[in-house]
Amino acid sequence: MKPWTFSRKVSASIALTALAVAAVVSGFVYITFKHWTDSQETRLLDAKLKQFELQIGEVEFLPSLLKPGFGRGSGAAAVLKPDLSGFASDLDEGQVLQMLDSSGRVLAEVVEGEQEADAVGYKAEKELSLPIYGLVRLQLTDSGHSQGATAKKEVGRLLLMGLLLAAGMAIAAGGIVARSALKPIRSMIGEVRSIGTNSLSRRLHVPAAEDELQQLGETFNVFLHKLEVSFDQQRRFLADASHELKTPLAIIEGHTHMIQRWGKKSPEVLDESLVFMMDETRRMKELIAQLLLLAEAESQAADGGDETCNLRNTLNELLPQTVHVNPEVQLEYDGSPDGQEMLARIPGSASYQVLRNIVENALKYTPEGGSVTIRHHLADGQVILTVADTGIGISPEQLPHIFDRFYRTEASRSRTRGGSGLGLAIAKAIMERHGGSITIDSTQGQGTTVTLRFLGG
């Protein structure tokens, strides 16, 4: 048995909906026609019975009522049998005219055609007073063989046949409509299957019509763009990480060969090589630690994300340690003059890591005699902290890439100045993980301002 695919479900839904609509319409037409037919038949019977009543009440009809015979009544009615055969020509197929006394006994009747037992479709009654018989009741019944009843049955059969035909057409139409509606989706599926890791730059063809398919195509194209950017960043990250690790490993390897060849005979070579090897080992440890910190910062926020800290306390702990990065630069921070706490929704250790990266960068790239100013205030439920320096600044071409991993501006390429190009990437990841943001405004040769926005605690 074939599986119920989405297209089959759509076809079945369309067919069942169309069939349900056809059944409702057919039922409504049939019930309406039946009600109209029944009311018409009842009115016709009433009119015909009224005509019989008028004829029976005429003097010329009296001999037919007093015709001798074995009657079914009592007294004179037992020897006088009413004769209603004169009305036979006025009856339709399946109609019965009866005269009943006050006790419900049939005094006379006339039947047109064959009459089935208990086959009464319509009925009309009239009461009148007659000589000898007293109060009697005329009753006219129709077994359902009239033209109206026959028409009702024919209409019912036609509607049933139409319903069966509609069911077939609904199934066919459902299949056609489903194939037509899902054709663009099948085309998209084919395009998606043809996109691999080496062809993420391709994009789906988006329909011109402004509908759900266009939204689906545009959404998937946005997803492909994000995936392409992520893959490019990962490739660049692996390449840069490999390059960063390759350099200290090459230095360590070179000094190892020097020790092997000359270190045993020359204490100076041995000491120099060991110093270089220890220095490069330290650099590798710091790089690996930063990579681990970046991976942790980019992961989903763990439980306890509502932890808060006082940024004022974080800065008071941090600044005495960072002031030695560049003692020739003036560091200005007045704390909180009004004593107000700067509570931010971020763990203290995370805020320390962010502020350390920002402040150290500001001090590191500010020339002698310059200044670094730290300010913070509360606004719209956020703690806004700015770190402004009078340093070398960043060029407009470099500014869009400043948060990329391992990216370093031309002024920071020197290994003596330190930095792996991960500090700002780590700071951005930590801020975004805790609902904050970081922006940088810079003018080359004039200075840089970093704005940190923390969620208020």
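View 1. Strand β6 (residues 330-333) and strand β8 (residues 371-379) run parallel and are joined by four bridges; two strands pair if DSSP finds at least two bridges between them, and strands (E, at least two residues) and helices (H or I, at least four) are DSSP runs numbered from the N terminus. The model is predicted, with local features requiring pLDDT of at least 70 and side-chain atom pairs counting only at pLDDT 80 or more, whereas totals for chains, interfaces and linings use all residues. Residues are numbered from 1 along each chain as its sequence is written, and side-chain values use heavy atoms, with hydrogens and water left out.

**View 2. Strands β8 and β9 form a hairpin with two residues between them.** Strand β9 (residues 382-389) pairs with β8 in the antiparallel sense over eight bridges, and Ala-379 stands opposite Gln-382 of β9. In the turn, Asp-380 has a positive phi of about 55°.

**View 3. Four strands make an open sheet in the order β2-β1-β4-β3, with antiparallel pairing.** Because β2 (106-111) and β3 (122-130) stand at the edges, each with a single partner strand, one side of each is left without a neighbour in the sheet. Strand β1 (residues 95-100) pairs with β2 in the antiparallel sense over five bridges, and within this pairing Met-99 has Ala-108 of β2 as its bridge partner.
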